[in-house]
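Subject: Structure for your review

Dear colleague,

Please find below the structure that I am handing over to you. My notes on its salt bridges follow.

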Amino acid sequence: MRKQLCKGNEAIVKAAVLAGCRAYYGYPITPASEIAEAAALYLPQAGGIFLQAESEVAAVNMLYGAAAAGVRAMSASSGPGISLMQEGFSYLAGAELPCVVADITRGGPGLGNIAPEQGDYNQIVKGGGHGNYRNLVLAPASVQEMADLTTLAFDLADEYRNPVVVLADGNIGQVMEPVEFASRAFVPPPPEWTVRGTAETRHNLICSIYLEPDLLERHVRKLEAKYQRAEREAVRAECWRTEDAEIVLVGYGIVGRVLKAVVEMARARGLAVGLLRPITLFPFPVAQIRELSRRAKAFAVVELSTGQLVDDVRLALEGRRPVEFYSRVGGNVPSAEEVLAFVERKFRACAPMEEVLIHG
């Protein structure tokens, strides 16, 4: 293993090359532009292709072509550019084509600003394109995870023959941290179902139209079964000091890092607080949340949006426990002290009575 100091955006590309990615198609946009810059530098050195497309629409359709040929391929963008790719996501999922896309989320709606936010959650996790499809979604909280989860993204894309999105915020994309990379690259052979395969294995790669309702229903049910399998087998989450937690904080990305500090500060003041950090946003860690609800008295979701992740937490709990919500938007990341004040205001009654008397 080799440790390097690099930005999160650069770590994505280096990990992708080591994972066998040999084609990158994209269009620069802040705060994701370093991904395209790094891809232009490293892909040709590895014998791959970098192409700056004329638009994000062109990039996602080039991604379709490379994936259909069996090449590990990726793209990257941020909010407005990801919005333009949504039809392509639907086509890639419908054709069961594996690929990886990084979304380094910025403020919105519209052009918004270039500061970190988490307002792309719904369009990525719920699917902004048409039809019954899902993206598999990974949410890194460090530069090391930007690398590790990119490697995992290519493996999951191949396993489930589906787009996988690495969903990060502007902070994680821009921060510099030490990262350990694999010592050698892995380049898998082209899969048998590519356009170079037989007519039977190619089936829906070139045309995703199903004129007969029964045929389309059969295909959609096949996709549905695949997503249900992912919900059983591909879920990942980090539980931090949850063994005795009466209050569970939930957050991902940069917020997950802030919440770790909140947990330690809250415990120093007598509150039994823990953290659940989803690493896969789809499949969502429903079982883990429900298991924690057996002991925890309440949950609090913190996110950089007006309320998108919180909906999934409430759905997972099905009314078992109350869920409080705290948000910042516009590119503002809450401080640990700010979130701690919110937690104390909402949950001091959850502390043991002697702690309430001492600290209340």
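E264 is partly exposed, with a relative accessible area of 33%; buried means under 20% relative accessible area, exposed over 50%, and partly exposed in between (1.4 Å probe, protein chains only). This is a predicted model, in which local features need pLDDT of at least 70 and side-chain atom pairs count only at pLDDT 80 or more, while totals for chains, interfaces and linings use all residues. Residues are numbered from 1 along each chain as its sequence is written, and side-chain values use heavy atoms, with hydrogens and water left out.

Side chains of opposite charge can pair when their charged atoms come close. A salt bridge is a side-chain nitrogen of Lys or Arg within 4 Å of a carboxyl oxygen of Asp or Glu. The whole structure contains 24 of them.

In one, R241 pairs with E264, their closest N and O atoms lying 2.8 Å apart. R241 is in the loop between β10 and β11 (247-250) and E264 is in helix α11, so the bridge ties together parts 23 residues apart in sequence. (Helices, H or I of at least four residues, and strands, E of at least two, are DSSP runs numbered from the N terminus.) R241 is partly exposed, at 34% relative accessibility.

Another salt bridge joins E145 to R277, with 2.8 Å between the closest N and O atoms. E145 belongs to helix α7 (residues 143-160) and R277 to strand β12 (residues 273-278), 132 residues apart. E145 is buried at 18%, and R277 is buried at 5%.

Finally, E145, E238, K260 and R277 are linked in a network of salt bridges.
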